[in-house]
Amino acid sequence: FKNFDDERSYDDMLMTGTSRSQVYARPKVRALLWLLIICFFLTSNCLSVFETISIPLTFDQYNWDLFQNAILWTAIGVVSGASLLILGCLPLKLRDIPVLLVSLAILTASFILMVDIDKLSMWKFLLGTGLMSFMYPITTTEYSSIVTQIFGPTSKQGTYFSFFSSAGSLARIVGPIWSGIAYEKLSDIHDDNAKSVGVIFSIASGFIGLSFLITLALSRRIIYLLRYWRNVNRLSIYDPR
């Protein structure tokens, strides 16, 4: 296990029956798990930002009323549900890292698309919203799936998964706070609120882009680790300690 990026290291562990507890003791494995938790926090943060900013945006730029916003959020819910149904139909070999990286890339693009919007570019807002609604549930589901598979039914699962869930909850608290404050401060500077929204969505896209880069850098390690546990279970030398 000296070379964490070397697949042969996992083969050696498989042959010697290395337990999960021994693998979790490795500093690089713990670092990988914490980085996944940070990525989940950054990604979850962005949905709460959109929830906070979208309604004042539609009021100011498009003169929407509450009924039109209700229709928008109903559509977001329908698209989000449909995305999870489609995710469940994908073959297992396309799940986890491949789907996660694609969804993060498109999710980043959806916020970038909404950076430069005005009263004449409602299509950018609607297209960005649609892409965000479809990709966000896939992204968070895949992060949860990867963390769950890495831990399996071990005593460590409850501890780390509580950190994982808390990161999502904290993101949904922090997101509305910073985006709301930023919107008010930037609105005092810019006459056009669309510019304020553009700055906030730029920051949000940067968060997701950072998550994409971290996940991409860790992708080979995650794939090897998941493959190792699957082989352990298949060969029935699984030790849940």
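C46 is buried, at 1% relative accessibility, where buried means under 20% relative accessible area, exposed over 50%, and partly exposed in between (1.4 Å probe, protein chains only). C39 likewise counts as buried, with a relative accessibility of 0%. A disulfide is taken as a pair of cysteine sulfur atoms within 2.5 Å, and by this rule the count is zero disulfides.

The structure is a predicted model, in which local features need pLDDT of at least 70 and side-chain atom pairs count only at pLDDT 80 or more, whereas totals for chains, interfaces and linings use all residues. Residues are numbered from 1 along each chain as its sequence is written, and side-chain values use heavy atoms, with hydrogens and water left out.

## Overall architecture

The protein chain contains eight helices and zero strands, and its elements follow the order α-α-α-α-α-α-α-α from the N terminus on. Helices (H or I, at least four residues) and strands (E, at least two) are DSSP runs numbered from the N terminus.

Of the 241 residues in the protein chain, 45% are buried. Contact means heavy atoms within 4.5 Å; among the contacts in the protein chain with a separation of 6 or more, 80% come from residues 24 or more positions apart. The accessible surface of the protein chain amounts to about 11,800 Å², and carbon and sulfur atoms account for 66% of this surface. Accessible areas come from the Shrake-Rupley method with a 1.4 Å probe, and for residues only the protein chains shown count as cover.

## Aromatic pairs

Rings of Phe, Tyr and Trp (its six-membered ring) pair if their centres lie within 6.5 Å; planes under 30 degrees apart count as stacked, over 60 as edge-to-face and the rest as tilted. This rule gives eleven aromatic pairs. One of them joins F40 and F164, a stacked pair with 4.1 Å from centre to centre and 20° between the planes. F40 belongs to helix α3 (residues 27-62) and F164 to helix α7 (residues 155-189), so the pair ties together parts that lie 124 residues apart in sequence. Both partners are buried: F40 has a relative accessible area of 8%, and F164 one of 2%.

The pair of Y62 and W64 is tilted, because the ring centres are 6.1 Å apart and the planes stand at 45°. Y62 and W64 are both buried. These two residues also belong to one aromatic cluster, formed by F50, Y62, W64, W73, F111, F125 and F201.

G168 is found in helix α7 and is buried, with a relative accessible area of 0%. Leaving aside neighbours within four places in sequence, G168 is in contact with F40 and S44; F40 is the residue that stacks with F164. From C-alpha to C-alpha, G168 and N45 are 7.6 Å apart in space, although 123 residues separate them in sequence.

Apart from neighbours within four places in sequence, S133 is in contact with I76, V79, S80 and S83. S205 lies in helix α8 (residues 193-234) and is buried as well, with a relative accessible area of 9%. Not counting residues up to four places away in sequence, S205 touches T108, F111 and I112; F111 is also a member of the aromatic cluster.

## Nonpolar surface patch

L170, I173, I177 and I181 form a nonpolar patch on the surface, and together they have about 380 Å² of accessible area. Patches are made of residues with over 30% relative accessible area and no salt bridge, with like charges joined within 9 Å and nonpolar side chains (Val, Leu, Ile, Met, Phe, Trp, Tyr) within 5 Å. A salt bridge is a side-chain nitrogen of Lys or Arg within 4 Å of a carboxyl oxygen of Asp or Glu. I181, one of the patch residues, lies in helix α7 and is partly exposed, with a relative accessible area of 46%.

## An exposed loop residue

N63 is placed in the loop between α3 and α4 (66-89) and counts as exposed, at 63% relative accessibility. The phi of N63 is near 55°, a positive value in a residue other than glycine. Most residues other than glycine have a negative phi.
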